[in-house]
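Please read it alongside the sequence and the model shown here.

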Amino acid sequence: MKYFDDCYRDLSKEEEYTGEYSTNEFLAVLVSRQIRPDDGAAGGGVYSDVIYNGVLLAVKLHASDLTYITGGYYMNIAERKLPKSTPTFLPWEYRFFDIADGMMYDHDCQLYNPGPRKLANVFFVGGMQIDKYGNINNTLIGKDWKNPKLKGPGLMGILNFNDNMKRIYYFVRKHDRRTFVDEVDFISSMGYKNKYGEKKDFGFQNNGPTLVFTPICVMDFEETSKHMRLKSVHPGHTVEEVLDNTAFDLIVPDEVPGTKPPTVVEITALRTEVDTLGVLREAF
Amino acid sequence: MAERSSRVISAEEAVSLVKDGDTLGLSGFILFNEPMALIRALIKRGVKDLTVVTLGGGIGVDMLIGAGCVKKLVTTYMGLQHYAPIAPNFRRAMEQGEDLFFWECDFQHWHCAMKAAGWNMPYLLTKQGVGTDLPKYNPDLREIEVNGQRWIAVPPIPIDVSFIYAAQADPYGNVIHKASVFSERIIARATRRHIISCCDELIPNKYINREPRIVTLAGLVAADYVVEIPYGAHPEEGQGYYMHDRYHVREYIAAAEAARTGEDADAFKRYMDRYVYGPKDHNEYLEAIGGMRRLLELRQSML
């Protein structure tokens, strides 16, 4: 079987893990594969166990100089053991509190406007709705903005991160037709292009998202049309399943590779050095 | 010899400084460091038509909305983490057509509005928001062209009174945060009338003199008034002292959600009667939420 196995490490040299693993563990592994040693720093969404475990896994495996930014802290865990805490606590603050390199004393100076400095190369963002060009809606659901069917909780910093990172990845917990829509009800953050223009013309740090991760597949964007395209399907899932759960016409290549399953090295490091509490093994 | 004046006041005195229609700045972020005790005291006193400004609203802001105190909300986020992705009273107000204007924004717009207020600027520029529907939804975010590039001009939002929760403060308004300083400094900077610090512990000035670098608000942005309220951030986390109270957070959300969905229309009113209007002071509130036993649990869970 042909695999999508994009990673800084050569995964063909690593033995495939044959035991059982959860979808969340697999997604964390996929996140880790996208982190490169020269990325400098990476940040993850608001609170996402998958993303933070994935980034930290990359630090343990191949990106030992990477600083992870979360909850106002900077940290590198290459030579540190993650402290234990109870799963009832949110991990993003408490587990890092004692091992951080430093913290942001004024969030606004560092996080929200890095100016000539570079905050991070990589960031993972999500959306209530995502369209075929990668536009994100996190504001409201419904065509009548004054009386929305659902009002989102606000943007937090999604624009800030979407525009200021070298590479952004989309990450959603559910792959369904409510999420992957033909047209978003509200453009909260720009994809490759929309009715206002193309992102590359606006002077941002990136031209659009690199990849889209879901629990069943990986997608990218076709080079010229910037239209979303199926990249690979996770083990146990099919192309038909992806198409049934996507409301727009996804580009499907003639041959769709499988997403490379986790290797022994990846699962071992994830369980013994990063997700020692087994948070990812539990159902969300 | 002249004596230095103490800035210590009571919670009741503090909330009496807020008027109807004021713009109120609140410290903290989601489930951390909101000045909860002052918010409860303010609701109890009764206030209306507030514009509330906070980086990310938590239970405190949601409670103010539920109590009918808020006309306009300037914040980047109104969710309660994994407990409730969208804060219940906020959601009810937005989806059921109540009279609440949400100043939808991203981090940078919020910070530009605060900095423009703090620096007396007509507007500040950010690139975030061009190429989106945001300027159509929030008319204050105006798209303009500078040097051939499109920018968003963000106007100032000056604050009248700010409530800043902190771990410690001395009687002269010098304030110490134990962990994150989310946006407290810029909120203080944008405040025109009164910066009021609600601290868990009042400490002697001597303590600060030994290590002035740990002070987070002093001088230009020192608190004008200080209120000592132990466990004043409950049920949120008081950083450096205690965890958020997950039992109480769930109780709050269950009540507000039941009222929102109509499943139990009086649930939120009962919550408010029990925890906000009922207790005659903060000590009675602490008894109502489980007293010493619960408070010790919250401290121990920080270890």
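A residue counts as buried when its relative accessible area is under 20%, as exposed when that area is over 50%, and as partly exposed in between, with a 1.4 Å probe and protein chains only. This is a predicted model, in which local features need pLDDT of at least 70 and side-chain atom pairs count only at pLDDT 80 or more, while totals for chains, interfaces and linings use all residues. Residues are numbered from 1 along each chain as its sequence is written, chains are lettered from A and ligands numbered from 1 in the order in which they are written, and side-chain values use heavy atoms, with hydrogens and water left out.

**The interface**

Of the area that chain B buries against chain A, 14% comes from Phe107(B), Asp133(B) and Tyr137(B), more than from any other three residues.

**Salt bridges**

Side chains of opposite charge can pair when their charged atoms come close.

| Pair | Distance, N to O |
|---|---|
| Lys151(A) and Glu104(B) | 2.8 Å |
| Asp20(B) and Lys48(B) | 3.2 Å |
| Arg150(B) and Glu143(B) | 2.7 Å |

In the pair of Lys151(A) and Glu104(B), which meet in a salt bridge, Lys151(A) is buried at a relative accessible area of 0%, and Glu104(B) is likewise buried, with a relative accessible area of 0%.

Within chain B, Asp20(B) forms a salt bridge with Lys48(B). Asp20(B) lies in the loop between α1 (11–15) and β1 (23–26), and Lys48(B) in the loop between α2 (36–45) and β2 (50–53), so the pair ties together parts that are 28 residues apart in sequence; helices (H or I, at least four residues) and strands (E, at least two) are DSSP runs, numbered from the N terminus. Asp20(B) is partly exposed at 41% relative accessibility, and Lys48(B) is partly exposed at 46%.

Arg150(B), which pairs with Glu143(B), is partly exposed with a relative accessible area of 30%, and for Glu143(B), also partly exposed, the value is 33%.

Methods: Buried area is the accessible area (1.4 Å probe) that two parts lose on being put together, summed over both. A salt bridge is a side-chain nitrogen of Lys or Arg within 4 Å of a carboxyl oxygen of Asp or Glu.
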